[in-house]
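Dear colleague,

Please find below the structure I am handing over to you, followed by a summary of what was found in it. I would be grateful if you could read the summary with the coordinates open.

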Amino acid sequence: MVGMCGMLSLTSLLLMIVYLFSKSKSDIAQAIKYSGYLNSILLLLLLMNDESEMLFLKWEWVKLGGYSLTVSFRYDIYTCCFFVVALYVTWNILMFSFYYMASDPRVELFCKYLGLFLVAMLLLVSAESLFQLLIGWEGVGIMSYLLISWWYARSDANTAALQAIFYNRVGDIGLIVMLVWSLVNIYDWTFTSLYALSLVNIFFLGGVVLAATGKSAQLGLHPWLPAAMEGPTPVSSLLHSSTMVVAGVFLLIRFSSLIQLDSLIQMVVFLLGTMTTLFSAICALAQNDMKKVVAFSTASQLGLMVTAVGAGVPQLAFLHICMHAFFKAMLFMCSGGYIHGLQNEQDVRKMGGFMNAAPVTTVCLFIGSAALMGTPYLAGFFSKDPIIEAINVSNMNSWAIGLVLLATSFTAAYSFRLLYMASGSTSRMLVLQPMNEDYGNLVGPLQRLCYGSIIAGVGFVYFFSPLQANILSLPITLKLSALFVTVVGALIAWNVMKLLHEGGEVNLNYLSFEAQVGFYSIIMHKVMPKAWMNLGEGYQMQVLDRGWTELVLPQGLGENYKLLADNVNQAQTSLIKMYIAIMMLVMFVVGLLVVNF
Amino acid sequence: MSPYISPLFGLAMGSSVLLISSSTHWVFVWLGLELGTLAFIPMLAWWHSSLEVEATVKYFIIQAMAAAVFFFGGLVMTSTEYISGLSQFVGNFGEVLIMFSIIMKLGLVPFHYWVVDVVQGLNYLPGMVLLTWQKVPGLMVLVQLVSMQNGLILLIFGALSAFWGGLGGLGQTQMRKLLAFSSIAHLGWLVSGCVVGTMLGSMYFILYVVLSIPVFVFLYILNNTHLNQVRASLVSNPVAAMVVGVGFLSLAGLPPFMGFFGKWLVLTWLLNNFLVGGAVALVVGALVSLFYYLRVSYMCMVILGPQQIMVSLSWRKGFMGSLLGGLVVLNLLGLLLVGGISSLSK
């Protein structure tokens, strides 16, 4: 039974790959839709079968002496859920991209890229061998590069794509360290053999954390995520909210049992997540580009997921991945709808009053934001609230816990700020904008994801038995803390916004800490490379390579030998008497020396 | 000149070598040396120009002085044998004197001053014979004199020669002076080889002779006495220019040419006998002389001089037989040759 399910899923994957080569974009969309249905059937069957454990399928691919590379798939609960969620969201995004990229001449290629990305992502999550994980990992990195630089005539898009590649590559170092360590120590690259370890090296776990930091834009390797908003909105909503950036968190979830063995790494993961959450939330408060606000919101939620792994509840992190996919993709699509309607205007300071102009989109924006904030019984609540409860009762750093709560309140703050600026206040847009949402391909996906945001939480929690028992008895203050800070943040934000923008003024301070994203980009991209370059060019090249090392050995010796050669040639006076005199002298002296010794 | 001159004097030079190699008393060795010198002097002045005559006279004076010192050394040697009680004051001063005279004859530092002037004054062919054949008598005597006491002097002089020859040639543009300094440097390597073992010294000498003969001959064919003429020679006679270029690389001691193997074997044997200081000094000297060898090779082979329409292709001059062609080939096939020769030196 379970074998059949696995075969079905793989068949659907293969069919999707086949359909990628087709010419028509609707073919791809259809393939993904039916593959989604197929995989949801698989998931259901897996659930009905009480052994909700994993399944492996393995083909030997290349023999390398003692070890052989295999194509092996692992279908546990994480993989199956993720397949369903990813396929559903991707299908909706594809339909949305038919609307958004309708005027683009290369839209077929775009859909093909999205399909290829999806294949790589599914390979990543279903990988049993670390090598296959690497293939998927690099695949999503490449597709991210190609998709971010979709409008490659724009220099900002190119630099953003390169930035994504660089930061991901730094994270890949961690992945390579992982692979090397496992090859050298346990001669195997499969998860099964890794889970059997009782003691793991800090290098291995450090590699996992580094890889997750790179791919999931944790603090330290985070600038690429806001920069990746240069890509078209479907790209942002698929890659940089739902699917690709959660690959890092997924890796952490897969290795969570090993991370919990090493308390140092667990603490590092926890603190990393905490700092990322807070930092991104602060920066989201000051952004004026709508997509950047949502991007920072994504980064903040990713930090929350990583914090959950660090607090010891990885399955809640996974649940948050699935819920987050729904409402974040929807948030991006709403921004896409606004942007398209405003003729590619993304600045919220030029938006306003869309409650009346685009009601459906605004409603979806509101529901998405509500789900994001953790409004009770919407999708986000079922994952976010337990995470915060788990963090509250863990015995981790209490200052960090406080920061997480602060970040949660900021979530509410920036969501309400966004709502206020975009749809709430007086209209600041140019007068004759063709703001129209009467497109089936816009409203349809929005609606579907909206339903998902509302009932997915209930559905997941109802159907899946938790893998780890949640803590159910808490003091009432801790239990309601998340809700409380959210409400406080929302109220304060709304009122502050009303006060600040009474006269319709906007904030022009672009040099503040939060507007410059903590000055991180400037330091890492400008100041530090300039320092290194100065060291290399100014000191090493000019002083050493062209200066002293040239003078000391090659040129310096040449000058000295020239002087000596002058002396030698001066001795050739061509006077025989001189020669004979010198010879006699030398003979006399050397003869005396020889005789006496 | 009369056609009877060169066979007569050649015979005399040959018989002088035979005399030296077969005599047991130093007087006859002296006789042989003098015979060889005197027979060679007229052949140097073949072309009768003032430059040549001056060089001949200089050569004669130096060689005569060397012979006198030789005789004096012989007398000292004899006297220490027959007058008792003298040897504790004098020691082996006689041998040292004879060695000095040989050094003067060969042209080793610090008795080398005449080599440069003489070779510059002569044309290539007499110069070649001077630098190759006229060393044979001297070397024959030298290898008999080498002993534990004399070895240090020879080593020091050899190392100094290599260095001095290298330095002296750095500023030279006259090809003959360049070759003179190169000969001084090679002589330094040679006597260092002699210090280690006779076979090594003679092997190095044979290699040196074999690879310098094509160089001299082809320079004579090209008629290049100055560095600027070398630069233009690639156009006029490419084959000769290539031979000169390769020959100079070989003289420099670059593998895979033959000159490298001589130097390599000398170094190996020096280090086997733990004479590291001498080896280091020799190598430094070789490194310094590498500069001017490379400069000449570069001019011959690498760069193209200005193409002149008036330059006549000198294809009519003879190549002096296939012997020379064989020598040229030997330069390039040093790898094969030295394998055989190095087994001799064991």
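Helices, as named in this message, are DSSP runs of at least four residues, numbered from the N terminus. Please note that the model is a predicted one.

**The largest cavity**

A search of the whole structure returned nine cavities of 30 Å³ or more. The largest cavity has a volume of about 90 Å³. Its lining includes Ser16(B), Gly32(B), Leu33(B), Tyr59(B), Gln63(B), Lys105(B) and Gln134(B). Besides helix H2 (26-44) of chain B, at least two lining residues each come from helix H3 (50-82), helix H5 (93-106) and helix H8 (135-145) of chain B. By class, the lining of the largest cavity holds seven polar residues, four nonpolar residues and one charged residue.

**The contact between chain A and chain B**

On the chain A side, 20 residues take part in the contact, and on the chain B side, 32 residues do. The two chains bury about 2200 Å² between them, and 82% of that area lies on carbon and sulfur atoms. Within chain A, the residues that lose the most area to chain B are Gln572(A), Met583(A) and Met587(A), which together account for 26% of what that side buries.

Which polar interactions were counted across this contact? There are five residue pairs in polar contact between chain A and chain B, with both residues at pLDDT 80 or more, while the count of salt bridges is zero. Helix H23 (520-571) and helix H24 (576-596) of chain A each contribute at least two residues to the side that touches chain B. The largest share of that side, twelve residues, is drawn from H24(A). In terms of class, the side of chain A that touches chain B comprises 16 nonpolar and four polar residues, with no charged residues.

**Backbone geometry**

Most residues other than glycine have a negative phi, and most peptide bonds are trans. Two places in the model deserve a mention against that background. Val109(B) and Pro110(B) are joined by a cis peptide bond, with omega at about 5 degrees. Pro110(B) sits in the loop between H5 and helix H6 (113-121) of chain B. In chain A, Tyr187(A) is not a glycine, yet its phi is positive, at about 55 degrees. Tyr187(A) belongs to the loop between helix H6 (155-186) and helix H7 (191-195) of chain A.

With kind regards

How values were computed:
Residues are numbered from 1 along each chain as its sequence is written. Chains are lettered from A and ligands numbered from 1 in the order in which they are written. This is a predicted model: local features need pLDDT of at least 70, side-chain atom pairs count only at pLDDT 80 or more; totals for chains, interfaces and linings use all residues. Side-chain values use heavy atoms; hydrogens and water are left out. Contact means heavy atoms within 4.5 Å. Buried area is the accessible area (1.4 Å probe) that two parts lose on being put together, summed over both. A salt bridge is a side-chain nitrogen of Lys or Arg within 4 Å of a carboxyl oxygen of Asp or Glu. A polar contact is a pair of N or O atoms within 3.5 Å; within protein, one must be able to donate a hydrogen and the other to accept it, and residues adjacent in sequence count only if both atoms are side-chain atoms. Ala, Val, Leu, Ile, Met, Phe, Trp, Tyr, Cys and Pro count as nonpolar, Asp, Glu, Lys and Arg as charged, and the others, Gly among them, as polar. On a 1 Å grid over the protein atoms alone, a cavity is a set of points where a 1.4 Å probe fits but cannot get out, and a pocket is an open set with protein on both sides within 12 Å along at least five of seven lines; lining residues have an atom within 4 Å of a point. Grid points are joined across faces, edges and corners, and a volume is the space filled by probe spheres set on the points.
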